[in-house]
Amino acid sequence: MASNGLDEPSGRETRLLVLVVAVAFAVLLLLARFRFPGSDLSAVSSSAAPLSGLAARATFDDMAETLGNVLARVSPMVVVVQLEPATAGEPAARAARGRRAGGAGAVTPAGAGATPSSNAAMRLVPALRVRPNLALVYLPAGMRPVSVPGLDLPIELVAADAEHSMALIRTGGLPGADGMATPLRTFGGFAYVALIDATPTGPTAQPIFIGRADPVIERHWPQALTALGANSNIPAGSLLFSMAGRFIGMVTTSDLGNAIVPVPAIEALVTQMAGGARGAEQ
Amino acid sequence: MTPPGRDLRRRELGGPDPLDKRLGLPRPPSPLTWLLSLLRTRSALGFAPSLTPAVIFLPLGMLLGPHAIGVLSPRLLERLDSVVTVALAVLGVVVGAALAREVRAATRLFFAASAESLITTGVVAGATAYFVFATGLPVHAPLAAFSLALGLCASTSSATSADPDSEPAAAVATRVADFDDVVPILVGVLAFALLPSKVEGSAIGLAFAPILLGLTTGAIGWLLFERAESGPERVVFVLGTLALAGGSAAYLHVSPLGVGLVAGFTWTVAPGRADRIVADDLHRVQHPLVVLLLVTAGALAVPSIAAVWLLGPYLLCRVAGKVVGAWASARIVEVSPADLASYLMSPGVLGIAFALNFRQTLPEPAGEMLLATVAIGTAAFELFALAVVPNWRRGART
């Protein structure tokens with residue numbers, strides 16, 4: 001009959017086990033007495049990180065991650081524009097007096113002529129790229145676009161629509177993506193959206209919940225706007241994107257408080273302004 | 001009657017006979033003579049009388065790698081990463097199929113193998129954690145994750161040195177070595193879920209993802225394989241399904257070994273011939289993939305002071321872990337602990353596979369250190385199994 005080896009004395013097996021374990025343990029203790037050259041115990045991470053996966057992730061963390069992704073997607077579609085108060089005789093001021101102004105020409109960057117008081121009134125707004133070299137920006141009355149922060153380039157004001165407080169500017173050679181490529185044409189409300197605002201170093205995003213979003217007719221606009229409510233604290237000029245990075249609309253002021261200018265209204269306005277600018281050039 | 005495939009002459013080769021003892025052994029032996037004598041001795045003791053692939057291809061990979069003659073450039077190795085992932089999934093399929101085929105008939109073996117691998121993992125992981133903490137060795141990764149990864153790499157055994165037909169202990173050891181990869185793969189799946197992930201998802205979701213992926217891949221293969229209209233079409237289905245298993249695991253940053261394990265298990269327990277079809281087709285690619293894994297591991301291994309520093313405790317504690325594990329599990333399968341430990345000393349390819357797998361997930365310095373330690377350790381253990389273990393077992397018989 002074949003032997004499995006169990007008929008051998010077990011004392012030798014046990015001695016072998018004890019010997020191997022003892023030698024290994026002793027050598028381990030001996031080796032552990034030496035310090036690794038240049039070691040720094042603070043560089044050794046604690047064991048908490050592997051267990052971090054077990055911890056339930058807070059909803060806020062998910063929201064922050066989502067907004068980070070949204071900002072990464074929409075940043076190429078947005079240009080930050082600096083506005084400053086327009087003085088009499090300047091293009092935007094002239095445009096503000098009329099309904100439209102086309103081919104307003106280059107506006108010099110802010111700087112040399114700016115006074116401390118005008119610096120205080122300066123404002124950054126996000127502009128949405130609507131054509132390969134055109135961007136739509138919210139331009140309240142009495143303001144003019146002067147520059148793109150970080151780029152000392154004069155802004156060319158292509159067209160301004162004072163009635164709707166909008167302006168088209170030429171983005172020149174700035175690389176980017178078309179914000180109107182995959183817009184969200186209908187927005188039903190009751191959803192978290194990404195509000196894109198401007199900072200001196202680029203666009204930023206923050207979450208905001210839009211509740212009821214009913215269409216309202218505003219006398220200055222041929223298409224219906226989406227009412228945000230009279231007490232909405234969303235600043236005019238902000239851009240709204242879905243969490244998937246699709247453009248929803250631009251916030252503007254209206255007789256009923258702040259409202260969203262939806263995609264169809266923006267498309268019509270841009271077409272009208274760009275056409276007007278071409279007509280003025282001819 | 002001699003069973004087919006069993007060569008009794010191998011047990012009669014080598015070793016001094018009475019005439020040899022009277023005449024004395026030739027001396028001094030040249031290195032070649034020593035090697036041939038060693039191989040004959042191994043043969044007489046029931047070990048496969050050949051060098052294992054790890055002894056040949058790991059050094060070959062190191063030689064061809066970017067740190068030596070540079071035939072395998074870093075760019076090429078980067079591109080081989082996806083192939084390595086598919087190869088890991090293939091190894092998982094092999095383990096999963098073996099598990100499904102034999103677990104019902106060999107439950108005791110499975111428990112013994114699981115106990116042995118868990119003990120080895122625990123011993124090596126604990127010793128590594130203590131050593132790193134005591135010496136301040138910078139591992140650039142969570143200490144628990146790094147220690148567990150090294151423990152899992154140490155737990156695998158191949159028993160390639162055992163001829164299953166040579167004696168009952170060798171047969172048992174071979175099957176223990178087949179089974180002892182299962183629990184480390186499952187622990188590895190959990191370890192992947194607990195490591196800081198590069199993809200979104202909860203730890204529970206990432207822990208179950210390999211199971212779902214494996215089941216899905218298994219279902220796809222099961223539906224496709226038997227419907228192939230020709231041999232080449234079937235091969236395309238099999239290789240495509242394996243690529244899907246590896247690719248989906250890589251995409252989600254989960255363990256491809258786990259995905260392959262579940263897929264292989266599914267194909268074997270599912271009705272039909274899916275498992276035999278996969279086995280037939282895998283037979284063609286299995287060995288090239290093993291060679292690829294070993295050469296890639298050798299080329300990727302970056303010898304460093306830290307890796308050498310860690311090598312001593314790794315070798316010592318793996319020996320201790322295997323001996324303790326064999327001592328604990330030998331009672332379950334009724335073999336001699338010394339015999340079982342000696343057969344299980346060879347780590348085989350799965351240890352390298354684990355190291356390559358963790359290298360993809362751990363931070364780069366930690367992954368490189370782990371791979372270098374395991375690669376050098378594997379080659380050392382194969383040589384240890386080649387040269388020392390036969391004497392060890394021979395000593396047990398005298």
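## Conventions

Residues are counted from 1 along each chain as its sequence is written, while chains take letters from A and ligands take numbers from 1 in the order in which they are written. Because the model is predicted, local features need pLDDT of at least 70 and side-chain atom pairs count only at pLDDT 80 or more, whereas totals for chains, interfaces and linings use all residues.

## Confidence

The scores for the model are ipTM 0.71 and pTM 0.58. Within chain B, helix H12 (residues 256–269) has the highest confidence, at a mean of 92, and helix H1 (residues 9–12) the lowest, at 38.

## The make-up of chain B

Chain B holds 18 helices and zero strands. These elements are DSSP runs, numbered from the N terminus: H or I over at least four residues for helices, E over at least two for strands. Of its 398 residues, 56% count as buried, a label for residues with 20 or more other C-beta atoms within 10 Å of their own; 12 or fewer makes a residue exposed, and anything in between partly exposed, with C-beta atoms placed from the backbone. Among the contacts in chain B between residues at least 6 apart in sequence, 82% join residues at least 24 apart.

Helix H6 of chain B (residues 107–135) has 29 residues and spans 42 Å from its first C-alpha to its last, close to the 42 Å expected at 1.5 Å a residue. That expectation is 1.5 Å times one less than the number of residues. After H6(B) comes B:Gly136, with a positive phi near 75 degrees.

## Helix H16 and its partners

Helix H16 of chain B (residues 348–359) crosses helix H13 (residues 274–300) of chain B at roughly 55 degrees, with the axes coming within 10 Å. Axes are lines fitted to C-alpha atoms, for helices over the stretch in contact, and angles between N-to-C directions run from 0 to 180 degrees. H13(B) and H16(B) are therefore oblique to each other: angles under 35 degrees are roughly parallel, over 145 roughly antiparallel, 65 to 115 roughly perpendicular, and the rest oblique. Here B:Val290, B:Leu293, B:Leu294 and B:Ala297 of H13(B) meet residues of H16(B) including B:Ile352, B:Ala353 and B:Leu356.

Helix H5 of chain B (residues 74–102) also has its axis within 10 Å of that of H16(B), crossing at roughly 135 degrees, so this pair is oblique. B:Val84, B:Leu88 and B:Leu91 in H5(B) meet B:Leu350, B:Ala353, B:Leu356 and B:Asn357 in H16(B).

Most residues other than glycine have a negative phi. A:Ser165, not a glycine, has a positive phi of about 55 degrees. A:Ser165 sits in the loop between strands S6 (155–161) and S7 (166–170) of chain A, and is buried because 20 other C-beta atoms lie within 10 Å.

B:His253 likewise has a positive phi, near 55 degrees. B:His253 belongs to the loop between helix H11 (231–252) and H12 of chain B, and counts as partly exposed, with 17 C-beta neighbours inside 10 Å.

Methods
pLDDT is the predictor's confidence in each residue, from 0 to 100. Two residues are in contact if their C-beta atoms, placed from the backbone, lie within 7 Å.
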